[in-house]
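Please look over the structure below.

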Amino acid sequence: MLRPILIHPDPRLKKVCDPVTEFTADLRRLADDMLETMYDAPGIGLAAPQIAVTKRMIVMDCIKEGTPEPMVLINPVISWSSEDVSTYEEGCLSIPEQYAEVNRPAEVRVTWLDVDGKAHEQQFSGLWATCVQHEIDHLNGKLFIDYLGPLKRQMITRKMEKLKRERARHP
Ligand code: NI
């Protein structure tokens, strides 16, 4: 089921999300909905708070061509970050059509649980590393525009306020 994606500014995008403690059929459905919503958008990552679910859960797939590689990460934690930094032009499904360069560690090691509650650990590099860090930020109420200077951030926020007013008028 497709879920509506919240658009910045929204207080629900600023919350620190709660850990997932129960691995139920509902959680599996939520993961499926998040992947479906992400692919439909289309995007390469989506965090639960973006669909107004305040849980520590993200989905991603950074494969642009070829066989999809859907990933569901529950309670993800960055256990190691490289000193090397890489710069990507980031965007966000909650901040449509706005892009800016963000510096982040080039590689990270992440631990997480899958929908069955089984533990995983993996090192990510390239676009996957940027994506997983961007999505984990969402779980702590942080958006990529928080890395920008105040003027750029305000400009983007005003554009989003205008977009939301237009969408409210012409749903
Ligand atoms: Ni995002």
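What follows starts at the metal and then moves to the sheet pairing.

This is a predicted model: local features need pLDDT of at least 70, side-chain atom pairs count only at pLDDT 80 or more, and totals for chains, interfaces and linings use all residues. Residues are numbered from 1 along each chain as its sequence is written, and side-chain values use heavy atoms, with hydrogens and water left out.

Begin with the nickel ion. C92 (SG), H134 (NE2) and H138 (NE2) coordinate the nickel ion at 2.1 to 2.3 Å. Donors here are N, O and S atoms within 2.8 Å of the metal (3.2 Å for Na, K and Ca); water is not among the atoms, so sites may look incomplete. Their spacing along the chain reads C-x41-H-x3-H. C92 lies in strand β4 (residues 85–92) and H138 in helix α2 (residues 126–139), 46 residues apart, so this pair links distant parts of the chain. Helices (H or I, at least four residues) and strands (E, at least two) are DSSP runs, numbered from the N terminus.

Both C92 and H138 are buried (under 20% relative accessible area; exposed is over 50%, partly exposed in between; 1.4 Å probe, protein chains only). In α2, 13 of its 14 residues are buried. G141 follows α2 with a positive phi, near 70°.

Now turn to strand β6 (residues 107–113). V108, V110 and W112 point to one face and are buried.

β6 runs antiparallel to strand β3 (residues 71–81), joined by five bridges. Strands pair if DSSP finds at least two bridges between them. S81 stands opposite V108. Seven bridges join β6 to strand β7 (residues 119–125), also antiparallel.
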